[in-house]
Amino acid sequence: MFDKRQNYAIAIGVGLTALVAGAGSAVSMNAHFSCAIVTTSVSGTVALESTVQSDVALDGSYRFRVQSAGHSGSTNFQQGGGFSAMPGSTLALGRIMLGDASAIYDATLEIAADGTTATCTKRIGGRI
């Protein structure tokens, strides 16, 4: 049975989780690892960082794509390669800086490891 203090702690934890999820990250979890796309806004630019977090030693590959469509054309960025993650670690895989924080971007991170895949997607548009 939970007492009032435990209920408040649970409510605060759930609230913080929702706040973090809404503050610029997209997360997809798999059996032993998860991917995330973290966005930050700095002086009118947008930074996107792809990460993998693993509970076990993990070797795999990733593909990070960011696409935009605007009035004056479109943009397509791609990064990818192999990685090795230590157990219990979060590893930054790639970072893309975008100059137009008012544009709309679609970001996709695909991670293949341990015979499975995890995919994160995120739409970034206008204000973060």
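**A hairpin and a disulfide**

Mentor: In the hairpin of E7 and E8, which has two residues between the strands, Asp-114 takes a positive phi near 60°. This is a predicted model, where local features need pLDDT of at least 70, side-chain atom pairs count only at pLDDT 80 or more, and totals for chains, interfaces and linings use all residues. Residues are numbered from 1 along each chain as its sequence is written, and side-chain values use heavy atoms, with hydrogens and water left out.

Trainee: Over how many bridges do strand E7 and strand E8 pair?
Mentor: Strands here are DSSP runs of E, at least two residues, numbered from the N terminus, and two of them pair if DSSP finds at least two bridges between them. E7 covers residues 104-113 and E8 residues 116-125. Within this pairing, Ala-107 has Lys-122 of E8 as its bridge partner. The sense is antiparallel, and the number of bridges is 10.

Trainee: How far apart in sequence are the parts that Cys-35 and Cys-120 tie together?
Mentor: A disulfide is called when two cysteine sulfur atoms lie within 2.5 Å, and those of Cys-35 and Cys-120 are 2.2 Å apart. Cys-35 belongs to strand E2 and Cys-120 to strand E8, so the tied parts are separated in sequence by 85 residues.

Trainee: Is Cys-35 buried or exposed?
Mentor: Buried means under 20% relative accessible area, exposed over 50%, and partly exposed in between, using a 1.4 Å probe and protein chains only. Cys-35 has 1% relative accessibility, so Cys-35 counts as buried.

Conventions:
Helices (H or I, at least four residues) and strands (E, at least two) are DSSP runs, numbered from the N terminus.
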